[in-house]
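Look at the model first, then read on.

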Amino acid sequence: MIHIDNLSFKYKNKTQVLNFPKIDLEEKEHLLVLGKSGIGKTTLLHLLAGLLDPKTGSIIINNVNINTLSSHKLDMFRGKHIGMVFQKKHAIQSLSVFENLEARLFFSKQNIKKSSIDELLEQLNLNECKNSAINEISEGQLQRLGIALSVIHNPQVILADEPTSSLDDENCKIVINLLKEQATKNNAHLIVITHDKRIKSFFKNTITL
């Protein structure tokens, strides 16, 4: 469950205070957050991930108020329970596709099961390039690797920042369906933050900032 209440944030040297709506997600519920550029969507995502400290309010994920955790415990919580799909693709260039997933499990302090990695690569149609270097794979494969990196550690929450904004209609649909499928497989909440209104029909719960 995710509960957010009275949440606000203020950047240093700026007068504007960003205020965010109350959010209540029950088990397996997903959320689409829409809004134009500069309205605070990515700030909200970073607050949910514990990468920023709020000015006011609370963020409770599975009965844990993440704002009360020490820096060390928050890092551990994030590494184990939160998966992030970034707008800019993040992968370790010196490692292969398979090794990137091994590294994600290592940093999450989870057992590395090669069979589980192979299964996920098969689900995301990445098996053929699992031994390829990052600079050898296509943009589409890199995007699917981003999804794999966000779910390989079985997180409770998957946060996606503008995952479809640069995609055509067909690939937009493919990526959203992949994210929803992986969230279902992991019994995880999926929260997508975007200005792309094409994906509104894929979500039951939607808020606009």
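Is Ser-116 buried, partly exposed or exposed? Ser-116 is partly exposed, because its relative accessible area is 32% (buried means under 20%, exposed over 50%, partly exposed in between, with a 1.4 Å probe and protein chains only).

This is a predicted model, where local features need pLDDT of at least 70, side-chain atom pairs count only at pLDDT 80 or more, and totals for chains, interfaces and linings use all residues. Residues are numbered from 1 along each chain as its sequence is written, and side-chain values use heavy atoms, leaving out hydrogens and water.

**Around Ser-116**
- Ser-116 sits in helix α4, residues 114-123 (helices are DSSP runs of H or I, at least four residues, numbered from the N terminus).
- Leu-126 lies ten residues from Ser-116 along the chain, and their C-alpha atoms are 13 Å apart.

**Helices α5 and α6**
- Helix α5 (residues 139-151) packs against helix α6 (residues 169-185) at about 15°, with axes 11 Å apart.
- α5 and α6 are therefore roughly parallel (angles under 35 degrees).
- From α5, Gln-143, Arg-144, Ile-147 and Val-151 make the contact with Val-175, Leu-178, Leu-179 and Gln-182 of α6 (contact means heavy atoms within 4.5 Å).

**Helices α3 and α5**
- Helix α3 (residues 97-107) packs with α5 at about 25°, and their axes are 9 Å apart.
- α3 and α5 are therefore roughly parallel to each other.
- Val-97, Asn-100, Leu-101 and Arg-104 of α3 meet Leu-145, Ala-148 and Leu-149 of α5.

Notes:
Axes fitted to C-alpha atoms, helices over the stretch in contact; angles between N-to-C directions. Helix = DSSP H or I, 4+ residues; strand = E, 2+ residues; numbered from the N terminus. Parallel < 35°, antiparallel > 145°, perpendicular 65-115°, else oblique.
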